[in-house]
Amino acid sequence: MMLDWRNAPSVRANMYTRHEISLVEHLAWWEKVSARDDQLYLMYEYAGIPSGIVAFNGIDRSNQGSGWAFYSAPEAARGAGGRMEFLALDYAFGELALHKLSCEVLAFNSAVIKLHKKFGFQVEGIFRDHHKINDAFEDIYRLAILKREWTENRSTLVQKITRRREP
């Protein structure tokens, strides 16, 4: 299921790795990352239906920081990204006891940059012409949020998320 979602054109278009991933490549990757204690992949479910993946990468327990990423299943219910982000932030600053959570987003993915900002992430920098896609270089936005920023904004975001209605 994870591989099918990851290979969906709408998901691949926003990733560093853009080719269609074979089962052999996926299984080799999964064997490697599942053995590491600085990587954590979680399945997001909504109403009992698997709907996305949340990943924490480079978990640094001594400095209480981590990178993260997520993607929704192509058929996920509307609002899945926001719900996943909320739950990921709660998990990061609760279960993982992080101080700082960071991410990188390709510059053309303005919807995800906007979503992260809505949740309190701040742009820490832009890596200019940092990633080559086909024959063009793309900027990468580096965003991060601190635990205190999440704590200050969480209750407001709970209200916004719970007011939304599914289609």
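Q: Why does the radius of gyration of the protein agree with that of a compact globule?
A: The radius of gyration, taken over C-alpha atoms, is set against a globule rule of 2.2 Å times the number of residues to the power 0.38. With 167 residues, that rule gives a value near 15 Å, and the protein has 16 Å, so the two agree. The C-alpha atoms fill a box of roughly 40 × 35 × 30 Å along the principal axes. A word on the basis: this is a predicted model, where local features need pLDDT of at least 70 and side-chain atom pairs count only at pLDDT 80 or more, while totals for chains, interfaces and linings use all residues. Residues are numbered from 1 along each chain as its sequence is written, and side-chain values use heavy atoms, leaving out hydrogens and water.

Q: How many aromatic pairs does a search of the whole structure find?
A: The search finds eight. Rings of Phe, Tyr and Trp (its six-membered ring) pair if their centres lie within 6.5 Å; planes under 30 degrees apart count as stacked, over 60 as edge-to-face and the rest as tilted.

Q: Why is the pair of Trp29 and Trp30 called tilted?
A: Their ring centres are 5.7 Å apart and their planes stand at 50°, so the pair falls into the tilted class. Ring pairs also link Trp29 and Trp30 with Tyr41 into a cluster.

Q: Why does Trp29 count as partly exposed?
A: Buried means under 20% relative accessible area, exposed over 50%, and partly exposed in between (1.4 Å probe, protein chains only). Trp29 has 29% relative accessibility, so it is partly exposed. Trp30, at 34%, is partly exposed as well.

Q: What makes the pair of Phe86 and Trp150 edge-to-face?
A: The angle between the planes is 70°, with 5.3 Å centre to centre. This pair links distant parts of the chain, with Phe86 in helix 4 (residues 80-93) and Trp150 in helix 6 (residues 147-163), 64 residues apart. Both Phe86 and Trp150 are buried. Of the 167 residues of the protein, 39% count as buried.

Q: How do you know which helices and strands the protein has?
A: Helices (H or I, at least four residues) and strands (E, at least two) are DSSP runs, numbered from the N terminus. The protein comes to six helices and six strands, running α-α-α-β-β-β-α-β-α-β-β-α from the N terminus on.

Q: What lies over the face of Tyr46?
A: Arg83 does, at 3.9 Å from the ring centre. A charge sits over a ring if NZ of Lys or CZ of Arg is within 6 Å of the ring centre and within 35 degrees of the ring normal.
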